[in-house]
Amino acid sequence: MRVVMIVLAIVQLLIAGYGLLIGGFADGGEWWDRLVIMVAQPAAAVGLVILVFVPRPPAALTGLIVALLAVNVAADGFLAYAISSGMTKGDWWLPLVFAVIPAIGLVYGVKRLTVAR
C-alpha cells in the first residue's frame, strides 16, 4: 500500500503545484475559491508527501497532516457545492476530482494514526 501511496502523493503534488501556478490566472470565480487551489491543496499535498516518505512520523505531525487533508477534502466539497449552486463559476465536478487523492490520503493517515498507538 505504501508504494501506491507514494505514487498518489507525487501525482497530487504535481496537480497541486500546477493549480498553484495557474490559480491566480483563472478566469472568473471568487477569492475564496482560489484559496482552495492556491493554499489548501498544496499544503495538503506537501503533507501527504511527508506522510508517505517519512517512515515513522511523530503522531502530532501525522495528526496535523490528517487535519490538512480533511480541510482539503472539505474545502473541495464545499467548492463543488458552491459551483453547482451558482455561488461561483466553474465546473462543479472538478473540485471533486481534485479531492480523490487527498481523501485516500486521509484514510491512509487515519490508519497510520491508529496503528501508531
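A residue is taken as buried when its relative accessible area is under 20%. By this criterion, Thr-62, Ile-65, Val-66, Leu-69, Asn-72, Ala-75, Asp-76, Leu-79, Ala-80, Ala-82 and Ile-83 are buried in helix 3. The structure examined is a predicted model.

Helix 3 comprises 26 residues, and the distance from its first C-alpha to its last is 37 Å. This is close to the 38 Å expected at 1.5 Å a residue. Gly-86 follows helix 3 and has a positive phi, near 90°.

Among the buried residues of helix 3 is Asn-72. Its relative accessibility is 0%, and Asn-72 therefore counts as buried. When neighbours within four places in sequence are left aside, Asn-72 is in contact with Gln-12, Ala-40, Gln-41, Ala-44 and Pro-102. One of these contact partners, Gln-12, is itself listed among the buried residues of helix 1.

Helix 3 also carries an aromatic pair. A search of the whole structure returned 1 such pair. The ring centres of Phe-78 and Tyr-81 are 6.4 Å apart and the ring planes stand at 45°, so the pair is classed as tilted. Phe-78 and Tyr-81 are 3 residues apart in helix 3 (residues 59-84), and are therefore separated by about one helical turn. With a relative accessibility of 41%, Phe-78 counts as partly exposed.

Helix 1 covers residues 2-22. The buried residues of helix 1 are Met-5, Ile-6, Ala-9, Gln-12, Ala-16 and Gly-19. These residues cover an arc of only 150° around the axis, and therefore lie on the same side of helix 1. The face turned away from this buried side carries the exposed residues Val-3, Leu-14, Tyr-18 and Leu-21.

Ile-6, which is found in helix 1, has a relative accessibility of 18% and so counts as buried, the cut-off being 20%. Apart from neighbours within four places in sequence, Ile-6 is in contact with Val-52 and Phe-53. The C-alpha atoms of Ile-6 and Leu-51 are separated by 9.2 Å, although these two residues are 45 residues apart along the chain.

Notes:
Residues are numbered from 1 along each chain as its sequence is written. This is a predicted model: local features need pLDDT of at least 70, side-chain atom pairs count only at pLDDT 80 or more; totals for chains, interfaces and linings use all residues. Side-chain values use heavy atoms; hydrogens and water are left out. Rings of Phe, Tyr and Trp (its six-membered ring) pair if their centres lie within 6.5 Å; planes under 30 degrees apart count as stacked, over 60 as edge-to-face and the rest as tilted. Helices (H or I, at least four residues) and strands (E, at least two) are DSSP runs, numbered from the N terminus. Buried means under 20% relative accessible area, exposed over 50%, partly exposed in between (1.4 Å probe, protein chains only). The expected span of a helix is 1.5 Å times one less than its number of residues. The arc is that of the directions from the helix axis to the C-beta atoms. Contact means heavy atoms within 4.5 Å.
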